[in-house]
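The following paragraphs go through one chain, from its overall make-up to a few local details. Please keep the sequence and the coordinates at hand while reading.

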Amino acid sequence: MVREIQSLLLSHKHFHLRWLKARVGYLGNECADQLAKEAITKGDPFLLPKPLPYLKAEIKSATLSIWKDNWDNGETDRSTHGIVLRVSNKPVGWNREEIMFVTGHGPFPSSLQSSNT
């Protein structure tokens with residue numbers, strides 16, 4: 001659709017696109033606003049998909065929610081769960097080595113021996 005519009009604009013030199021300040025009474029702009037509002041309320045199938053930043057935020061939120069649910073209700077890594085109580089995209093204040101030491105998960109002699117037995 002965009003390519004078709006571009007082609008029409010290039011082939012008809014008397015058409016000009018320019019920015020107009022909103023809500024200042026331009027008849028064509030008012031008509032376009034009204035048609036857009038009608039399309040939204042009627043669920044017009046020709047509406048463009050949601051913007052990429054919105055979709056990214058929705059995916060991030062859904063992913064974090066699933067991760068939180070798995071973290072809170074999972075059955076593995078409960079020793080780590082006792083230290084890192086909630087999931088977040090932000091640092092927890094513990095570095096990897098500290099968490100490995102406190103939970104006993106890592107390249108420690110006790111961990112190495114239990115995996116060999």
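Helices here are DSSP runs of at least four residues, numbered from the N terminus. The model is a predicted one. By that assignment the chain has 6 helices and 0 strands, and its pattern along the sequence reads α-α-α-α-α-α.

Confidence comes next. The mean pLDDT of the chain is 77, and 84% of the residues score at least 70. The highest value belongs to H3, at 88, while the lowest is found in helix H6 (residues 109-116), with a mean of 52.

As to the chain as a whole, 9% of its 117 residues count as buried. Among contacts between residues at least 6 apart in sequence, 14% join residues at least 24 apart.

Helix H3 spans residues 52-73. How many salt bridges does the structure hold? There is 1, and it joins the side chains of aspartate 72 and lysine 68, with an N to O distance of 2.7 Å. Both residues lie in H3, 4 residues apart, which is about one turn of the helix. An α-helix has 3.6 residues a turn, so residues three or four places apart point the same way. Are the two partners buried, exposed or partly exposed? Buried requires under 20% relative accessible area and exposed over 50%, with partly exposed in between. Aspartate 72, at 32%, is therefore partly exposed. Lysine 68 is also partly exposed, because its relative accessibility is 45%.

Helix H3 also contains leucine 55. This residue, together with Leu52, Tyr54 and Ile59, makes a nonpolar surface patch of about 400 Å². Leucine 55 has a relative accessible area of 37% and so counts as partly exposed.

The next element to consider is helix H4, which covers residues 78-81 and includes arginine 78. The relative accessibility of arginine 78 is 32%, so this residue is partly exposed. Which residues does arginine 78 touch, leaving aside those up to four places away in sequence? They are Asn70, Trp71 and Asp72. One of these, aspartate 72, is the residue that forms the salt bridge with lysine 68.

Arginine 78 can also be placed relative to threonine 103. The two are 25 residues apart along the chain, and their C-alpha atoms are separated by 9.3 Å. Threonine 103 belongs to helix H5 (residues 96-103), where it is one of the buried residues, along with Ile99 and Met100. Where do these buried residues sit around the helix? Viewed down the axis of H5, they fall within an arc of 100°, so they line one face of the helix. The cover over the buried residues of H5 includes H4.

Note on methods. Residues are numbered from 1 along each chain as its sequence is written. This is a predicted model: local features need pLDDT of at least 70, side-chain atom pairs count only at pLDDT 80 or more; totals for chains, interfaces and linings use all residues. Side-chain values use heavy atoms; hydrogens and water are left out. A salt bridge is a side-chain nitrogen of Lys or Arg within 4 Å of a carboxyl oxygen of Asp or Glu. Helices (H or I, at least four residues) and strands (E, at least two) are DSSP runs, numbered from the N terminus. Buried means under 20% relative accessible area, exposed over 50%, partly exposed in between (1.4 Å probe, protein chains only). pLDDT is the predictor's confidence in each residue, from 0 to 100. Patches are made of residues with over 30% relative accessible area and no salt bridge: like charges are joined within 9 Å, nonpolar side chains (Val, Leu, Ile, Met, Phe, Trp, Tyr) within 5 Å. Accessible areas come from the Shrake-Rupley method with a 1.4 Å probe; for residues, only the protein chains shown count as cover. Contact means heavy atoms within 4.5 Å. The arc is that of the directions from the helix axis to the C-beta atoms.
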